[in-house]
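Here is a brief report on one protein model. Sequence and structure come before the details.

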Amino acid sequence: MSVSALIFRRPRTDATPQTRRTGIIDIGSNSIRLVVYDGSARLPATLFNEKVMAGLGRSLAETGAIGEEALALATTALARFSSLAREMEVDSLRTVATAAVREASNGDRLIEIANALGLKVELLSGEAEAVAAGYGVLSGIPEADGIVGDLGGGSLELVRVVAGTVTDRVSFPLGVLRLEAIRAQGKGVLDKTVERMLGEAGWSKRGEGLPFYLVGGSWRALARLDMHLSGYPLPVIHEYAMPAATVTRLQRTIAQMGKSRIRAVPNLSSGRVATMEHAAALLGVLIRHLGSAETVASAFGLREGLLYGELSAEERREDPLVVATRDEARRSGRFPEHGDLLDRWIAPLFADDIEELARLRHAACLLADVGWRANPEFRAERGLEIALHGNWVGIDARGRAIVAQALFTSLGGGLESPAPVGQLALPDDLERARLWGLAMRLGQRLSGGVAGPLRRSSICVEDERLTLRLGEDDAPLYGEAVEKRHRALAGALGLTADVAVGG
């Protein structure tokens, strides 16, 4: 049985998704953020996301307390977020605080401020932070097997994730706002500090040969910078990988570029620029002492982990890609049941697809209808765009390109591979996706996008023929446009088109 089959449970196609509007106010040591989610419990969509770089942990190393300026920024941010959450009529609102509030001598003042605004603050322990970060990565990368590192302003959490579960975890006082003081003590002090802490906690070489999953805005900023420098063709950071050697190179590059040039990098938060050099230095020594082979960016972290932690075991095992694409089909397609039927209808032609390809094909079929609401001249491009840039998880860049090719062909774009699809997937992958697209195109035209004709018909390979079986009452459905698409698919498969009516 494949890894995908072990991890994922196919969501019921007839189940009505449980949807509710949830808000989380995350009072971090570096930033305070409100995120409001809506949609399915397994993979809710983000309705609103705003952060304020309050810097609660900035003065912690020097004074042991949150500075007055930071408290003022936090008060303004919490008042705005509390009001917005009320206006958005969220069903539930969680307010969580981490290392800065936990450790500051005046952390209770911030909690009192939040209470006065009607917010009940959950003060997360370092272990709770670590578990939430681990769950966050598993929510977006269910097959993750490695070490999760969540770099906040006040602390660093490490978590071992494997086989869909969180196991060992540990928290260190190595938040990005504390690193400048450590590095100021002299060359090599950060290296020795990390080596000592990992050794005392029993974590030295715990990541030998495993990926290191990056959580936290400072480390995601490093990935954004490398995406820009390398000319990466997809502006999606989730699952972006960097070898250990690249992290080493980035440390030199940041020093050479200077802050003004880094601020000009697209999609890179300017609030992270001041601490990127320290974040890169920590990442370099950390993965060396852990023995990690590469880093992988995760768009999901603590907040998504808190939501994931509330799910049942059964809900956690749902495939997030299938859940999200089915939800998109319900919102944007013409006939919500159509995608699952279409996948089952074309599946006999692709019985040798491995499990991972079969779930990508399923996702493509679920999205097959989303282009129909676009201008007819733009349907193929709409399919391409939604596959490449949709807010999907449980899929890497190669997978996005495969789904994009299938949708582009299915929606009438032809057999070419528009940029950047050809840069992200292998030619054999794209050839397979073109065949899916042609089969989807035939099923869409035969059925008109509704369920009945697909339920009553079938398609299969018999000898050298691609046989479409129709009931007698459905014979009129085989019109000119259907015949043309039938012949196109048969030709691409090296077969002859054949129709069998009745029987």
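## Nonpolar cores

A nonpolar core is a set of buried Ala, Val, Leu, Ile, Met, Phe, Trp, Tyr and Cys residues joined through side-chain atoms within 4.5 Å. Buried means under 20% relative accessible area, exposed over 50%, and partly exposed in between (1.4 Å probe, protein chains only). The model is predicted: local features need pLDDT of at least 70, side-chain atom pairs count only at pLDDT 80 or more, and totals for chains, interfaces and linings use all residues. Residues are numbered from 1 along each chain as its sequence is written, and side-chain values use heavy atoms, with hydrogens and water left out.

The largest nonpolar core holds 59 residues, and Trp436 and Met440 have the most contacts inside it. Helix H21 (residues 427-447) supplies the largest share of this core, 9 residues. Helices (H or I, at least four residues) and strands (E, at least two) are DSSP runs, numbered from the N terminus. A second, separate core has 46 residues, among them Val170, Phe172, Met197 and Met242.

What does tryptophan 436 touch, not counting residues up to four places away in sequence? The list is Ile346, Phe350, Asp353, Leu357, Leu360, Arg361, Ile402 and Ala406. Contact here means heavy atoms within 4.5 Å.

## H10 against H12

The axes of helix H10 (residues 244-257) and helix H12 (residues 276-290) come within 9 Å and cross at roughly 150 degrees. Axes are lines fitted to C-alpha atoms, for helices over the stretch in contact, and angles run from 0 to 180 degrees between N-to-C directions. H10 and H12 are therefore roughly antiparallel. Angles under 35 degrees count as roughly parallel, over 145 as roughly antiparallel, 65 to 115 as roughly perpendicular and the rest as oblique.

H10 contributes Ala244, Val247, Gln251 and Ile254 to the contact; H12 contributes Met276, Glu277, Ala280, Ala281, Leu283, Gly284 and Ile287. By class, that gives 8 nonpolar, 2 polar and 1 charged residues. Ala, Val, Leu, Ile, Met, Phe, Trp, Tyr, Cys and Pro count as nonpolar, Asp, Glu, Lys and Arg as charged, and the others, Gly among them, as polar.

## H7 against H8

Helix H7 (residues 176-183) and helix H8 (residues 189-201) have axes that come within 8 Å and cross at roughly 120 degrees. H7 and H8 are therefore oblique to each other. Leu179, Ile182 and Arg183 of H7 meet Val189, Leu190 and Thr193 of H8. This contact divides into 4 nonpolar, 1 polar and 1 charged residues.

Threonine 193 of H8 is buried, at 13% relative accessible area. Beyond its neighbours within four places in sequence, threonine 193 contacts Leu174 and Ile182.

## Backbone exceptions

Most residues other than glycine have a negative phi, and most peptide bonds are trans. Alanine 163 has a positive phi of about 55 degrees. It lies in the loop between strand S7 (156-162) and strand S8 (165-172). Alanine 163 is exposed, at 66% relative accessibility.

Glutamate 239 also has a positive phi, about 70 degrees. Its place is the loop between helix H9 (217-230) and strand S10 (241-243). A cis peptide bond joins alanine 419 and proline 420, with omega about 5 degrees. Proline 420 sits in the loop between helix H19 (397-410) and helix H20 (421-424).

## Phenylalanine 300

Is phenylalanine 300 buried or exposed? It is buried, with a relative accessible area of 12%. Phenylalanine 300 lies in the loop between strand S11 (294-297) and helix H13 (302-309). Phenylalanine 300 and glycine 134 are 166 residues apart in sequence and 9.5 Å apart in space, C-alpha to C-alpha.
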